[in-house]
Amino acid sequence: MRRIISALLVGVAALVPAGAGATDPVRLAEDAPDSHTVVPGDTLWGISGTFLKEPWRWPEVWQLNRDQIRNPHWIYPGQVVVLDRSGANPVLRLGKRIGASPADRPLYEKRFPQVYSESARDAIPSIPIRVIQPFLVEPLVVEDKDDERAGIVVATQEGRVFTGPGDTIFATRVPPGVPLWNVYRKAQPLKEPVTGEILGYEAAFLGTARVTAEMGVLDADAGVKGEADQPPVPATLQILTVKQEVGKGDRLLPAPKPELLSYVPHAPDADVAGRVVSVYNGVTETGRFNVIAVSLGKRDGMEIGHVLSLHRNRGEAVYREDNVGPAQRYKLPEQRYGLVFIFRVFDRIAYGLVMQSGGVVSVADSVRKP
């Protein structure tokens, strides 16, 4: 159980920095209700879409500050989100019903800051966790510095070519104190679609393994090896799960803890521009609720929760008037057609879930601050 701060977000003078640059007023959905009772299965994005035409601009209506964007664990099933239309701009608040019948306009009472205890796992996530759960713990991008320090499978149980769950593998460069490891194989370079620059390597996730004996340690009755006159003893690991068979030469990285996606959808503080680098699973096109990689990362200011707009390059057109005279070339304007929610960030690459799409998402499409 974690102690959760639940606060009514009233009277915050400064809007979120993410709202900077968004000159258009926030538009309510045509059938925006006066209130919404949170139920299991809701997401921050979905609740936002109940009230707004542009769900990612929810922080502006809630008037959240930066800390609240990064830790919005104050919305739980059973709470009531109330739309206040009384001011010049709409405001969303947390409230609770105080006796109004369902047929009547919901009444609410203001709720002031209070402390109570509730499981963070029950909090409403930003986006559907089930869709991206595997991507939160599996290694996706492996950079050269990661590969240089990664463990290496040097032998398998009884010399098998490939192994499966329950089998034993032996690996070097496995420091003590790290019990769980991800096993991977570098699959393909991730290249910037226009320049061809390699931004990282997308890893083929093979499975997970647990250390059963650390490097340099044998059974108790065999003593310790690794002395000057003895070859080093690799670490012993048992394979827990596999997606593909594990073999000699495959790599290992410490398994990270799953990161709870609590960030509220928000735009980057500054203008950014990148491209769709890849569509996960090796296809060239995809759509809503699928994972893509973009050519923006930590060095570009990307963070979990950022929302980017998707733009399609329509190319150029050539026109010759009446089929005579010189041909004229025209650069056609890009078409904005969707939104992507960033949920995992590496140094030069970020992975996002396509939340809205008016067409297929293709490699080399542009991504920008919405």
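Predicted model: local features only at pLDDT ≥ 70, side-chain atom pairs only at ≥ 80, totals over all residues.
Residues are numbered from 1 along each chain as its sequence is written, and side-chain values use heavy atoms, with hydrogens and water left out.

The protein chain contains five helices and 22 strands; helices (H or I, at least four residues) and strands (E, at least two) are DSSP runs numbered from the N terminus. Of its 370 residues, 47% are buried, where buried means under 20% relative accessible area, exposed over 50%, and partly exposed in between (1.4 Å probe, protein chains only). The accessible surface of the chain comes to about 18,800 Å², and carbon and sulfur atoms hold 51% of this area; areas were computed by the Shrake-Rupley method with a 1.4 Å probe, and for residues only the protein chains shown count as cover. Among contacts with a separation of 6 or more, 72% are between residues 24 or more positions apart, a contact being heavy atoms within 4.5 Å.

Six strands form a closed barrel in the order β13-β15-β20-β19-β16-β22, with antiparallel pairing; two strands are taken to pair if DSSP finds at least two bridges between them. On average, neighbouring strands of this sheet are turned by 45° against each other, direction ignored. Helix α4 packs on the sheet and touches β15, β19 and β20, its direction making about 50° with that of β19. Axes here are lines fitted to C-alpha atoms, for helices over the stretch in contact, and angles run from 0 to 180 degrees between N-to-C directions. Gly274 has Val367 of β22 as its bridge partner.

The largest nonpolar core comprises 25 residues, and those with the most contacts inside it are Trp45, Ile132, Val291, Phe343, Ile349, Tyr351 and Leu353. Such a core is a set of buried Ala, Val, Leu, Ile, Met, Phe, Trp, Tyr and Cys residues joined through side-chain atoms within 4.5 Å. Two or more residues of this core come from each of α4 (129–137), β15 (291–294), β19 (335–345) and β20 (350–357). Helix α4 gives the largest share, four residues. In soluble globular proteins, nonpolar side chains tend to be buried together.

Strand β3 (residues 80–84) is mostly covered, with five of its five residues buried. Val80, Val82 and Asp84 point one way from this strand, and Val81 and Leu83 point the other way. Strand β3 pairs in the antiparallel sense with strand β2 (residues 35–37) over three bridges, Thr37 having Val80 as its bridge partner. Strand β3 also pairs in the antiparallel sense with strand β4 (residues 91–95), over five bridges, and the bridge partner of Asp84 in β4 is Val91. A hairpin of six residues joins β3 to β4.Across the whole structure, 17 salt bridges were found; a salt bridge is a side-chain nitrogen of Lys or Arg within 4 Å of a carboxyl oxygen of Asp or Glu. Arg251 forms one with Asp147, the closest N and O atoms being 3.9 Å apart. This pair links distant parts of the chain, with Arg251 in strand β12 (residues 251–254) and Asp147 in helix α5 (residues 144–149), 104 residues apart. Arg251 counts as partly exposed because its relative accessibility is 23%, whereas Asp147, at 14%, counts as buried. Arg185 and Asp250 meet in a further salt bridge (2.8 Å, N to O). Arg185 counts as partly exposed at 30% relative accessibility, and Asp250 is buried, with a relative accessible area of 5%. The side chains of Arg368 and Glu334 are likewise joined by a salt bridge (2.4 Å, N to O). Arg368 lies in strand β22 and Glu334 in the loop between β18 (328–331) and β19, 34 residues apart. Salt bridges that share partners also join Glu54, Arg57 and Glu60 into one network.
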